[in-house]
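Hi there,

Here is the structure we talked about, with a few notes to go alongside it. Have a look at it first, then read on below.

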Amino acid sequence: MVRVLVAAVFAGLVLICGPAAAQEVERAPVPAWVLPAPRIETSASSDDAPIRILAADEQVRIDAEGVHTYQMRRLKVQTRQGLPLVSTVSGEFSPPRERLVVHSIRIIRGDEVIDALEGQTFQTLRRENNLEASMLDGRLTATLQPRDLRVGDILETAFTIHDDGGVLAPHREYLTALIVGFPVEFYRLRLTWPADMALRAQALTPWEATRAQRVGGDFVFEIQERNLAPEHVPNNLPARFRTREIQVTDMTAWSDVADLMVPLYVQAATLEADSPLHAEIERIRAAHDTPQARAAAALRLVQDDVRYLALSMGEGGYVPMTADEVWRSRYGDCKGKTALLLALLHGLGVEAEAALVSTTTGDGMPDRLPAVGWFDHVLVRATIDGAIYWMDGARVGDRDLAGLTPPAYVWALPVRSQDADLIPIEAPPLTIPTSETLADVDATAGLDAQAAITFTMTYRGDLAVQARQQFGAIPRDQLETLMRAQADRSAGSGTLETVDTRYDEDANAFHVILTAKGPQNWITTTGGRVMALPEVAMSIPNQAKRTGLEAPYADYPYALAYPWMNRSTVRVVLPNRGEGFRLEGGDQSIEAGGFRIERSADLTDGVVTVTRTMTSLRPEITAEEMDQARKQAAGLVGAVVRLRAPADYSATAADRARLSPGEDTVETLIERAEAAQTAGDDVGARALLDAALEREPENAKALRTRAEVRLGARDREGARADYERALELDPADLEANVGEGRVALADGRYADAVVSFSVALRLDPGDLTALSGRGSAYYNLGRSDRSLVDYRALKTAAPSNDTGLYGELRALVRLSRTDEALGLIRDKLEADPDNLVALTVLNDIARRQGDFTEALQAVDHAIAETAASFNLLAERAELRARAGDDADARADFDALRGMAGGDPALMNTICWNQAITGFDLEQALADCDTAAAAGEASIIDSRAMVLLQLGRYEEARAEYDRALTGRPDLPASLYGRGLSRLALGDAGGREDVERARRLSIDISDEFSVFEARHPDLMR
């Protein structure tokens, strides 16, 4: 059997080990019932595949003697890489039930035919491939390496396996499936049996129409294909949608399968008169008061005191060891352990029966023809006080019946003498996580101090057993080395200190405990220090759309991990007993994509505890449901919980220690500064860079890095000085030229920005930051033609980044080439309906033209095609408000509030969209007040805009002043303050307005509604 061709996938399942006389390979002519393969014209052309499968011919004869499977394979070796794939011819068989008979092994080289068996014989090996899993099947593998096999040769093999059925005789069945990794030029499966033998045959897609035909004294079931391509079946396809499967059986009902097994298990579960198990039964009865407790004790005895060892040689594939044999040997497979458990339960007066299951193909079992070969496992189905318990003696770690989880095998066949039929295994969603993580962070030393972190991973049930085995196989010192290496590869993960493991015998839970010291990820905003907790972020599990080779299955259901449950908890002990700290984002619950995702968040007595639990609710969902889950995942808002420190947070001694340079080298100081900057600690980064430059004043990297820190902290004058010094050292310093341009851009010195970015682009014409920056500078200088050139170059250089498209569209609108912009927008939205850049500019064009029809249609289409994401709803709410559709706008804003869940950034968006449109201003003010607690300048600016629209000019001016304290050059705040001052009769407001226009040429667009209502104000 050449493994890369055709596999009878069910022939090797554990319950189907079975038996025949010879253990050596026999030689004989092809049986008379085999039809010769038709002449196959071999194409002279070849592809890049290492081998070509010219023919795969499988013919099966079923008769009173057994099942006889003839296989002929013809392969062409096309490349040197193909030689290893065919260099060994092998066939597997199970004595004494099966005999392997070889007919021919030939090498066809042009017109020459070489007998590969001449002077060579098969070697017979007993490999026991599953020995590490404690499974002995007794299968033999006959192998032969044909000599002198060359590229261009055709290898032809032909052999027959005779199977007499063993203990199952005279029952006959044949199950197979075509699994190929390469195209097959000719494929045939031909099954024949005497007309007086009552067999049924069934094939699945694409051969489901095939029927057995009467030919003389036989029935013939035949499938033939030319140029058969490999099937690319998705891994996440439910098992019932299998393809290219053929089933033949003489059974008419599932009870026929049970009838074969009943006497085997009745005999195996019957105890000997003097069996020591009688004493075990009485011991359990005396130690426990209830049937449930006694059954659990029996299960624990079987799992803990009898090791698993599958002996499937001979008749062992079907016939269980007796309960007494298992107990004496203290080992057994699923059959033997089931017999032992049945004996114990029956002795305890518990109703119980064996049940056959399939661990891989249970889904869709009722649609199959009844056959023994479908089942590869057996367990116990017990009934106590009307409740069903599925008890598996081959597992380990089950401790009580309440904790038993029904297996995910879907269907089971009870081994009973009457009314035996398939029954569903009903598995409810889990209520206890199978895996759990807890991150305990002791931040009491300060926000910028190294925090002590204890990370605990807990595994339960089967995962606990697996984890215990895997971790237990690694010596402790090697385990620590591996964990340290992994921590070193994770940026910002800190320094691992200890690694420990612990197994809780009573709970069957395995714990991995890591302790570490590491930095916290607090970042600085205008509203104070903020730290996100991404470990407990809300997320919706989803799977990629099936495309390419899997596209034919795009509309089929998606299998989910079920039952499955995971819980993640982050606990942070804050400094100063948490005084003034706040949580942003919190309790949330979502059901989507077959999962429930729940999060709870609490801050009490200076301790933050956030827990996210994810639970699968069913084993599969439809393609439509998966598509919706993808859309919901893409549009998920408020996913991350954030901790906000008080604005007046007082640094601790440990916080201040981060500023000390110590004896570090300049390179190390720069690295520390970069890490501090990444963590949002601009003050610490600046202090370390100051120290570095004190030691090496002309270190260009330190100068550029400090300039970057200063620019991020809005110290633009300092950033400019550092970049200029770096350029004095090296005028061709690309990073310094780009940085100087960025400073000029932030200052509103657009002509200077053009110069700096132009120098950078001479040094590197493809620098994306320089292209984008110069395009923006030209735009704000009113040179939209030059801006258009840069943005188009940017779009070409980075087509996946929409910055170039956004700049191009804005420049076209400025140049009054609106039709051209609309054409680009329409093309973009056709390919990407929810593209926010295209929708935003379309919104702007609609505002300018006063016609919102197309823009509303576009955003409605985007929501229908993708999902009602927060951003799309915000776009539509603004459009509806501008179009005067108050009722629908209000409905959208209400929906946005529900999605925001009080998140300051999201509430600010709601506030701002109402403010610029002058819509529902009192509600907008309430929304702003909800957001304003964060203290961000941009949020204060939004509240000021609402007050301006309400005509409360003194309050608006005061709020704008407050916003400008944090960000003195915020264009919207300057412009809004100017309008407030003008409304109050302060002519100096024009100075604010003009300054805002110099900073942003489009700034007046945001105030168009207000200015339209007060046309005299700007005269």
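**Helix pairs**

Pro971, Leu974, Tyr975, Arg977, Gly978, Leu979, Arg981 and Leu982 in H29 meet Gly989, Arg990, Asp992, Val993, Arg995, Ala996, Arg997 and Leu999 in H30, where contact means heavy atoms within 4.5 Å. The residues of this contact of H29 with H30 divide into eight nonpolar, two polar and six charged; Ala, Val, Leu, Ile, Met, Phe, Trp, Tyr, Cys and Pro count as nonpolar, Asp, Glu, Lys and Arg as charged, and the others, Gly among them, as polar.

Before going further, please keep in mind that this is a predicted model, in which local features need pLDDT of at least 70, side-chain atom pairs count only at pLDDT 80 or more, and totals for chains, interfaces and linings use all residues. Residues are numbered from 1 along each chain as its sequence is written, and side-chain values use heavy atoms, with hydrogens and water left out. Helices (H or I, at least four residues) and strands (E, at least two) are DSSP runs, numbered from the N terminus.

Two packed helices are described by the angle between their axes and the distance between the axes. The axes are lines fitted to C-alpha atoms, for helices over the stretch in contact, and angles run from 0 to 180 degrees between N-to-C directions. H29 (residues 971–983) and H30 (residues 989–999) pack at about 155°, with their axes 7 Å apart. They are therefore roughly antiparallel to each other (angles under 35 degrees count as roughly parallel, over 145 as roughly antiparallel, 65 to 115 as roughly perpendicular and the rest as oblique). H29 passes H30 in a left-handed crossing, meaning that the near helix is turned anticlockwise from the far one by less than a right angle (clockwise would be right-handed).

H22 (residues 853–865) and H23 (residues 870–883) also pack at an angle of about 155°, with axes 10 Å apart. That makes H22 roughly antiparallel to H23. Ala855, Leu856, Val859, Asp860, Ala862 and Ile863 of H22 make the contact with Leu872, Leu873, Glu875, Arg876, Leu879, Arg880 and Ala883 of H23. By class, this contact of H22 with H23 has nine nonpolar, no polar and four charged residues.

**Aromatic pairs**

The whole structure holds 12 aromatic pairs; rings of Phe, Tyr and Trp (its six-membered ring) pair if their centres lie within 6.5 Å, and planes under 30 degrees apart count as stacked, over 60 as edge-to-face and the rest as tilted. The rings of Phe471 and Phe510 have centres 5.7 Å apart and planes at 40°, so this pair is tilted. Phe471 sits in helix H7 (residues 462–472) and Phe510 in strand E28 (residues 509–518), 39 residues apart. Phe471 is buried at 16% relative accessible area, and Phe510 is buried at 4% (buried means under 20%, exposed over 50%, partly exposed in between, with a 1.4 Å probe and protein chains only).

For Trp522 and Phe581, the ring centres are 6.0 Å apart and the planes at 65°, so the pair is edge-to-face. Both Trp522 and Phe581 are buried.

**One aspartate**

Asp681 is found in the loop between helix H11 (666–678) and helix H12 (682–695), and is buried with a relative accessible area of 6%. Not counting residues up to four places away in sequence, Asp681 touches Asp448, Trp522, Arg529, Arg658 and Ala676.

Best wishes
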